[in-house]
Amino acid sequence: MGSDVFTLVEHVGGTVDDSTHELLGKARELATATGGRSVACLLHSGARAGADGLAADVVLSVEHPALEHFLPEAYVKALAALVADHEPRVVLVANSTVGMDVAGGLSARTGNGLVAYCNAITLEGDTLVAISQVFGGKLNAEVAVEGPAICSVVSGSFAPATGGSPDIQDVTASGIDNLTTTFLARIEPEASDVDITAEDILVSVGRGIGGADNIEFAQELADALGGVVSGSRPVTDAGWLSKTRQVGKSGQKVKPKLYIACGISGAPEHLEGMSDAELIIAINSDANAPIFDVAHFGTTEDVLDVLPALTEQIEAAVA
Amino acid sequence: MQIIVPMQQTVDLVEELELNDDGTGVEREYLKFVANEWDEQALEEALLLKEAAGGSVTVVGIDETDVDGTLFSALAKGADRAVKLTGDFENGISSHQRAAILAAWLGTQEFDLVMVGVQSPEDLDGQTGVILANLLDTAHVSVAIGVEPHEGGVKVRQEFGGGTVHELALSGRAVVGVQAATAAPRYVSISRVRAAMQDSPLETLPAADVDAPTGTTVRRLYAPESSSHAEMLEGDADAVAARILEIVRERGIVKELS
């Protein structure tokens, strides 16, 4: 096992994802502790997207036509080859679609210990200690890894590192011919009837609202406040709200002046999209729901009682 | 197309989670267990794919609390076959162990596609599907939001942050980690589940004895030490509403209320 700290670079169309800069911030700190190098792994088809500006000591640049777009199979095999050759102490990936598709495969192929959903990583001597958010964010797990480690990291956990003039090293891709996955198309999200990222007031509904019919209570409150209705992933997956109104990791990141969370438990994927709101008021019957850890005010009263009561009082106040 | 859907039982997150004596896991004996919600999404997408392309859906569960109910429910929804892999799993199963058990069983099966929930609330050593795919040395796609027949294989819609989607074609055996099915998981009545219990017995066989170290050690579980907690508003719904109105008014967020 070596002492280098690897980071998988996520990039699209020549732009490096913010999550990569956050990982490089932690990688620099860990590499200082291990006495190794911070090494950015850039898999690409010729663009070397943003390699020059990465805040790393070294960029391992792997070029191959199969790496033009994200193909899980190609990424896992290419990264596993780099890890086998260089034996880093730690590999950092984002807890994103790319990271989820790579981390477990890398662990299976290399035998390196994987800690998923990390939001903190430290070194205690030779032991890596990571904190993992499990059980929907209700519990943290403190996990020790004695050998080589892989950590998939929740967005926003670390301060980004910027600025750098890394030594860029070209590496021949290996093991990624004869793939059974083919890239067909990239589809951008449809234009929305409403841009929830531009709204000052969001009344946001989660599974706890109970059913599609109850969303009208949130809509009435949003109308009274001059805001719009948004929701969490289970609500859009169930078809109760359109996808364009989804807040969270796979939806929109929002920062309204007021965010009223109605029946939202506050899974890490949701908190990622709204915890920067200026004022968060949470209505949830579960007093232990993680949403109350980011909310400024909260209540465990029944959401279906509070919503109409609040709407009525606001309408009376503005009348 | 022959589709396999592994179904996992997971702690019902609505419950208050108590820790075991050494604080390294949840106390499973008294907790309620439910089917992993993402596995339910995978099952629905598998049933839709079978309806579109023909073939069969086999659900497979490891012998975890109340797994029988989950498997019978899957049969009632339209799965053709249900398999339970037995063993002593009372203390929980890591994703690496789960994947290794499934890989060993899949080695004895004919199949084209494995569709599994993209994650579970307990997979702190990574997601089962992607580990399984790499043990089987097959292709894998995570965060799938749609799977349809395509030129003898399947076309998968893979979702990224912000709602961007990639369409990928898979031409060989593969494992797909399903985030959300194309349609909401179908409802099945208790009477149909009961009928499935009578008509379609579970196939049971011992789970393979696997050596699947995670390379990690859980030192402790604990509730997040939040730097802040919401100020809880007291009183009934009307009192709470009055206080919220006051807060919103104080902050000057709604001009008409200022």
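Val143(A) stands opposite Val218(B), a residue of strand 12 of chain B. Strand 12 of chain B is joined by five bridges to strand 9 (residues 139–145) of chain A, and the two run antiparallel; strands pair if DSSP finds at least two bridges between them. Strands (E, at least two residues) and helices (H or I, at least four) are DSSP runs numbered from the N terminus. The model is predicted: local features need pLDDT of at least 70 and side-chain atom pairs pLDDT 80 or more, whereas totals for chains, interfaces and linings use all residues. Residues are numbered from 1 along each chain as its sequence is written, chains are lettered from A in the order in which they are written, and side-chain values use heavy atoms, without hydrogens and water.

The contact (heavy atoms within 4.5 Å) takes 88 residues from chain B and 83 residues from chain A. Together the chains bury about 7100 Å², 58% of it on carbon and sulfur atoms; buried area is the accessible area (1.4 Å probe) lost on being put together, summed over both parts. In chain B, Leu124(B), Arg219(B) and Ile253(B) lose the most area to chain A, together 9% of what that side buries.

Arg219(B) also forms a salt bridge with Glu124(A), the closest N and O atoms being 3.0 Å apart. Seven salt bridges are found across the interface, each a side-chain nitrogen of Lys or Arg within 4 Å of a carboxyl oxygen of Asp or Glu. Among the elements that give two or more residues to the chain B side are helix 4 (128–136), strand 12 (217–222) and helix 6 (237–251). Helix 6 of chain B gives the most, with twelve residues.

Conventions: Buried area = accessible area lost by both parts, 1.4 Å probe.
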